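Good morning, colleagues. Please take a moment with the sequence and the model before I go through its sheet and its salt bridges.

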Amino acid sequence: MLLRFRTVVAAAMLTVAAYATAVEVNGGHPDTYVVRKGDTLWDIAARFLQKPWLWPEIWQANPQIANPHLIYPGDVLSLAYLDRVTVAARPGPRQEAPIDAIPLAQVEPFLKQLSVVDSIEQLPSVVGLEEERLRATSGHAVYVRLAEAQLGQRWAVVRPTVRYAQPKPTEDLTANGSVTPGSGNLWRDYNAPNHRRGVLGYELAQVATGTITQVAGGKVQASTLVLDKNEGGREVRAGDRLVPIEARPYDLQFVPHVPAASVEGVDVRVLAVTDMFTTGGPRDVIAISAGRIQGVDNGTVFSLWRPGRHVADRLKYPTSSRTDDALAGSVGRVVLPDEYAAHAMVFRTFDNVSYALVMQGVKPVRVGYNALHPDAR
């Protein structure tokens, strides 16, 4: 009987050990953790797991928790070893808002002030400003052309700034939304080989917000939009576009997870780095060339890789081209392996473009890097 008991215990321990290895539980993980204000889901997952994107594999909320994605300050999380490794939660006082998946302050401008649309041709626009002004600001009236304007309707005034496309990642736009001649010079030295072609979307920067106070009487007449009186708003000019203000344009209640099966095989690249830099690191925002259509959703985690370059084998081919670091192969060149740079988690998606936050890494992330499955490392 004792021998059989030992055998059962040993088998159970092997099962737990095998599962723990599969999800790579941190060696120094706490058995229990009390959630604190300011925590993020990524940081909590990283306390228990070496791969935070595997959190859904071990997260198991108690039945009394209505939404397992919501974790509040004061909740007690416990690592349990039953038939498998799980993390269970004991609800706390629930007096504060649930924690976010990532630091809200670091991505807020990309949630509230930026968006990406497939086309800008059909967007309504500002056609004039009161008193023949060249620019309008807080409290001023601007005249807009809307197909079906309604009194009290709320609109955001936006300005197209960047066009995302492949193979050239970004192209700057003029005031009317046309591509700036000669734009994209930053990328001429780095056009990574890419099978995808075409426009991925237009990025819109919010300039101001306002309310319709007078509706046009005919098709050719303009309606009046009075700009909100707020601090820090940018000046509005004729030619700016309009988009409706959404009641809830984004959602931060998501968990880190691996990409959906539909993303497999899609050529996903880093299109841009925040603040128009070409290189970024942890807690920098990047834009990637995949979105809702490809199956990317909030919480999707990618690993970012420097594509392997093609260098001249000068020992075997001494007369070959002296140009090193070529982007395509040829006779006399050796393909170097891809190099891991960092992991990033998506926090907002559009049709063909997503914004992601670089979470952790060993090297800077550059425009043109590949975005692969997080376990590709």
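**The sheet and its salt bridges**

Let me begin with strand S18 (residues 339-349) and strand S19 (residues 354-361), which run antiparallel and are joined by seven bridges. Two strands count as paired if DSSP finds at least two bridges between them. Helices (H or I, at least four residues) and strands (E, at least two) are DSSP runs, numbered from the N terminus. Within this pair, Thr-349 is placed opposite Ser-354 of S19.

A word on the source: this is a predicted model, in which local features need pLDDT of at least 70 and side-chain atom pairs count only at pLDDT 80 or more, while totals for chains, interfaces and linings use all residues. Residues are numbered from 1 along each chain as its sequence is written, and side-chain values use heavy atoms, with hydrogens and water left out.

S18 and S19 belong to an open sheet of six strands, in the order S12-S14-S19-S18-S15-S21, with antiparallel pairing. At its edges stand strand S12 (270-273) and strand S21 (370-372); each has a single partner strand, so one side of each lacks a neighbour in the sheet. On average, neighbouring strands are turned by 40° against each other, direction ignored. Axes here are lines fitted to C-alpha atoms, for helices over the stretch in contact, and angles run from 0 to 180 degrees between N-to-C directions.

What packs on this sheet? Helix H4 (residues 104-112) does, touching strand S14 (285-288), S18 and S19, where contact means heavy atoms within 4.5 Å. The direction of H4 makes about 55° with that of S18.

I turn now to the salt bridges, each defined as a side-chain nitrogen of Lys or Arg within 4 Å of a carboxyl oxygen of Asp or Glu. How many are there by this rule? The count is eleven.

One of them joins Asp-375 and Lys-51 at 3.2 Å, N to O. Asp-375 lies in the segment after S21 and Lys-51 in the loop between helix H2 (41-48) and helix H3 (55-58), so this pair ties together parts 324 residues apart in sequence. Asp-375 is partly exposed, at 32% relative accessibility; buried means under 20% relative accessible area, exposed over 50%, and partly exposed in between (1.4 Å probe, protein chains only).

Lys-363 sits in the loop between S19 and strand S20 (365-366), and Glu-339 in strand S18, 24 residues apart. Lys-363 is partly exposed at 40%, and Glu-339 is partly exposed at 32%.
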